[in-house]
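Subject: A structure for you to look at

Dear colleague,

I am passing on a structure that I have been going through, and I would be glad if you kept it open while you read my notes.

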Amino acid sequence: MRCGYDVETVRAAERALMGTLPDGALMRRAAFGLATACADMLGGVYGRRVVVLAGSGDNGGDALYAAAALARRGAGAVAVELAPERTHPGALAALRAAGGRTVAPEDADAVIGRADLVLDGIVGIGGKGGLRPEAARLAELARRARAAVVAVDLPSGIDPDTGEVAGEAVRADVTVAFGAYKPGLLIDPGAEHVGALRFTDIGLGPHLPRTPALEALQHADVAALLPSPSGESDKYRRGVVGVVAGSERYPGAAVLAVGGALRGGAGAVRYVGPGADAVIARFPETLVSAGPPAKAGRVQAWVIGPGLGDDSRARQAVAEVVAADVPVLIDADALRLADREAVRARRAGTVLTPHAGEAAALLDADRGDVEGARLAQVRRLAEEFRATALLKGSTTLVAGPDGAAVRVNPTGSAWLSTAGSGDVLSGLTGSLLAAGLSAQDAASVGAYLHGLAGRDLPPPFGAHELADRVPLVRASIMDSVTNDALPRT
Ligand SMILES: NC(=O)C1=CN([C@@H]2O[C@H](COP(=O)(O)OP(=O)(O)OC[C@H]3O[C@@H](n4cnc5c(N)ncnc54)[C@H](O)[C@@H]3O)[C@@H](O)[C@H]2O)[C@@H](O)CC1
Ligand SMILES: Nc1ncnc2c1ncn2[C@@H]1O[C@H](COP(=O)(O)OP(=O)(O)O)[C@@H](O)[C@H]1O
Ligand SMILES: [K+]
């Protein structure tokens, strides 16, 4: 699991650790890791031109100490001081002692124009609100520069706790995070400013709490959660997932959702709705029925919504499924049709899977507000519906109703924004619910597999190809975990 901790938590851990160390030790560790990352990136240090954008806090201090280390190895180092009277004195002295020089912000254009590397030490976790005008101008110069840009701890201008970006922000090629990942590094729009994310351990680990603010599953976590049949399994024990999707107008949504469900690990898929012919033609193993969900026979979880429409049949089906005492995934049209109070009153797990537009409608907000503040909005959804909310898009987030860590999906590709892709995700995730995963695990594992399938397929692809790719990505996850466990020879 990769974890993200908010600023308050990181600060508390830093205080606890600093109490055990000599003055300046943490900054030296951070600067050493940063200088190493810069040298790796430059592929050699001697004769390279390094420019530090130096804010007046410790973030600027880290950057200046790292530049001093590079200068000692033969780089030319220049610092642009945002507020010269407040620049970190020790770090500035170190830079000067190593032969570096300083310039005022007015001269930044010229030095950045000649640089091989720009170190963004404008602000780190101490940044408040959007960048102030002088800092914003430097961030813009860095963005336009031909030099490589390395962000110190985080790209200046992104909110460390949320990934929100108000105005200008640095766009980095590499970000070197110290001690702990901050949520803003993992959530768009912040995450898209980060470039390659590197980590420098400064010893905070033992001082961080067990529960982070944000967590991202990795292969080993997913491998441990994926259902696998055992010797005692039969199709019912593996779980039966019911899919209520499609309409005369959108029969394809039924096929895509069933396709996802067949690949999720449940033992059988029941399909309920008017798309049965299309479903059977593509997936003859599906158990189909034309009546309402309540008459379809037992399932261990329901998926309802993709391509459903909003006629009286659809409304009735949504009401029946929401009233069922098994886990339910509510998507697309069903998000509009479900009665909020009935969802809140449910006792079995519930997963809502809106994209930003659907989330905006549910929260009475603008789509842009949802995309700009995903973490806050996914939490709101989970609270307001007392359900697990999976907010889709460039960063997919999963929040539970219980205030546990929000999960951020680390897989995926913008090529997934193709018609019907969400229908496959719903089927896949519902199948994992039927197989017995909790709402939070089913949603995050579903998004993980879906995202990996989207990365694995040669683009452009159609949504129907995603489900067929799931067994391959599943195998690669299992292989990587088994290989990690083998002794190295
Ligand atoms: N606290 C610690 O133990 C450690 C901190 N480290 C570094 O220290 C950083 C935090 O340092 P600080 O607490 O000094 O804070 P920062 O250096 O992140 O930011 C504070 C400075 O930024 C300016 N600032 C704040 N908001 C701004 C805005 N919107 N526009 C322009 N300027 C703005 C402030 O005036 C102040 O000068 C971390 O991100 C990390 O880089 C590392 O050295 C590791 C150890
Ligand atoms: N920019 C993006 N980057 C990565 N994934 C994206 C992006 N845009 C959309 N997606 C993913 O593509 C899928 C689209 O689902 P959805 O919006 O429901 O489409 P549809 O209704 O056509 O099925 C979701 O899994 C979503 O997370
Ligand atoms: K920074």
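This is a predicted model: local features need pLDDT of at least 70, side-chain atom pairs count only at pLDDT 80 or more; totals for chains, interfaces and linings use all residues.

Residues are numbered from 1 along each chain as its sequence is written, and chains are lettered from A and ligands numbered from 1 in the order in which they are written.

Helices (H or I, at least four residues) and strands (E, at least two) are DSSP runs numbered from the N terminus, and two strands pair if DSSP finds at least two bridges between them. With those terms, there is an open sheet of seven parallel-paired strands in the order β4-β3-β2-β5-β6-β7-β8. Its edge strands, each pairing on one side only, are β4 (101-103) and β8 (196-200). Strand β7 (residues 174-178) runs parallel to β8 and is joined to it by five bridges, with Val-174 having Ala-196 as its bridge partner.

Elsewhere, strand β10 (residues 240-244) pairs in the parallel sense with strand β11 (residues 268-272) over five bridges, and Val-240 stands opposite Ala-268. In a regular strand the side chains alternate between the two faces of the sheet. In β10 both faces are covered, with Val-240, Gly-242 and Val-244 buried on one side and Val-241 and Val-243 buried on the other; buried means that 20 or more other C-beta atoms, placed from the backbone, lie within 10 Å of the residue's own.

Turning to the ligands, a residue is near a molecule if its C-beta atom, placed from the backbone, lies within 6 Å of it. By this rule 27 residues surround ligand 1, the closest being Gly-57, Asp-58, Asn-59, Gly-124 and Gly-126, and α3 gives the most to this shell, with four residues. Around ligand 2 there are 17 residues, of which His-355, Lys-392, Leu-416, Ser-417 and Gly-422 come nearest, and the largest share, four residues, comes from α16.

Finally, helix α16 (residues 421-434) packs against helix α18 (residues 463-485) at an angle of about 30°, with their axes 7 Å apart; axes are lines fitted to C-alpha atoms, for helices over the stretch in contact, and angles run from 0 to 180 degrees between N-to-C directions. The contact (C-beta atoms, placed from the backbone, within 7 Å) is made by Ser-421, Asp-423, Val-424 and Leu-428 of α16 and Ala-463, Leu-466, Ala-467 and Val-470 of α18.

With best wishes

Definitions and conventions: Two residues are in contact if their C-beta atoms, placed from the backbone, lie within 7 Å. A residue is buried if 20 or more other C-beta atoms lie within 10 Å of its own, exposed if 12 or fewer, and partly exposed in between; C-beta atoms are placed from the backbone.
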